[in-house]
Amino acid sequence: MEESVDAAELQAFLTREFPQVAEDFIVEAVGEECVIRLRVADRHLRPGGTVSGPTMFALADVGIYLAILHRLGPVALAVTTNCSMDFMRKPEAGRDLIAHVRLLKLGRVLAVGDVLIYSEGGTAPVARASMTYSIPPREKPDPAKSDPAKPEAARA
């Protein structure tokens, strides 16, 4: 079930499949704990000079997604089914956000993970998220479609 994708492969997947947001995220480390950086820009801020809640949610969501892909390989259709998020401190504008992501359970159809988000250089988390993802079933090869000995009409 597990094939383990490295950080460079995850970054390439993000760039290929999600070009609209790929430049915002950097896969810094993968393993038992994955580390994902969000490059904070003006568009991520809300009035008052803090990083917006939706931006922190996006980091947590992408982080769990990439941690799943690290373990399973590219599963482009895995989707978020639940999220509980606590916003604990004001993240500082002008500092990137760093997510430390751990998968707590990786099953056949569900994955559960935990994310702690820090302002770069900070020691106390600014947010915590617990997320559940649904993993689509892997397609099993259809022997009738791949057997070159069978005529085309028999494979249809």
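Arg 37 is buried, with a relative accessible area of 15% (buried means under 20%, exposed over 50%, partly exposed in between, with a 1.4 Å probe and protein chains only). Let's start from this residue and work outwards.

The model is predicted, so local features need pLDDT of at least 70 and side-chain atom pairs count only at pLDDT 80 or more, while totals for chains, interfaces and linings use all residues. Residues are numbered from 1 along each chain as its sequence is written, and side-chain values use heavy atoms, with hydrogens and water left out.

**Exercise 1. Find the salt-bridge partner of Arg 37 and the network around the pair.**

Step 1: Apply the cut-off: a salt bridge is a side-chain nitrogen of Lys or Arg within 4 Å of a carboxyl oxygen of Asp or Glu. By this rule, the count comes to eight salt bridges.

Step 2: The side chain of Arg 37 meets that of Glu 28 at 2.4 Å, N to O. Glu 28 is partly exposed, with a relative accessible area of 37%.

Step 3: Follow the links onward: Glu 28, Arg 37, Asp 96 and Glu 120 form a network of salt bridges.

**Exercise 2. Work out the strand order of the open sheet and name its edge strands.**

Step 1: Two strands pair if DSSP finds at least two bridges between them.

Step 2: The six strands run in the order β1-β2-β6-β7-β8-β5, with antiparallel pairing. The edge strands are β1 (25–29) and β5 (79–87), each pairing on one side only.

Step 3: Look at one pair: β2 (residues 33–38) and β6 (residues 97–106) are antiparallel over six bridges. Val 35 has His 100 in β6 as its bridge partner.

**Exercise 3. Describe the salt bridge of Asp 114 with Arg 102.**

Step 1: The closest N and O atoms of Asp 114 and Arg 102 are 3.7 Å apart.

Step 2: Asp 114 lies in strand β7 and Arg 102 in strand β6, so the pair ties together parts 12 residues apart in sequence.

**Exercise 4. Locate the two ends of the salt bridge between Asp 24 and Arg 43.**

Step 1: Their side chains meet at 2.3 Å, N to O.

Step 2: Asp 24 sits in the loop between α1 (7–17) and β1, and Arg 43 in the loop between β2 and β3 (45–46), 19 residues apart.

Conventions
Helix = DSSP H or I, 4+ residues; strand = E, 2+ residues; numbered from the N terminus.
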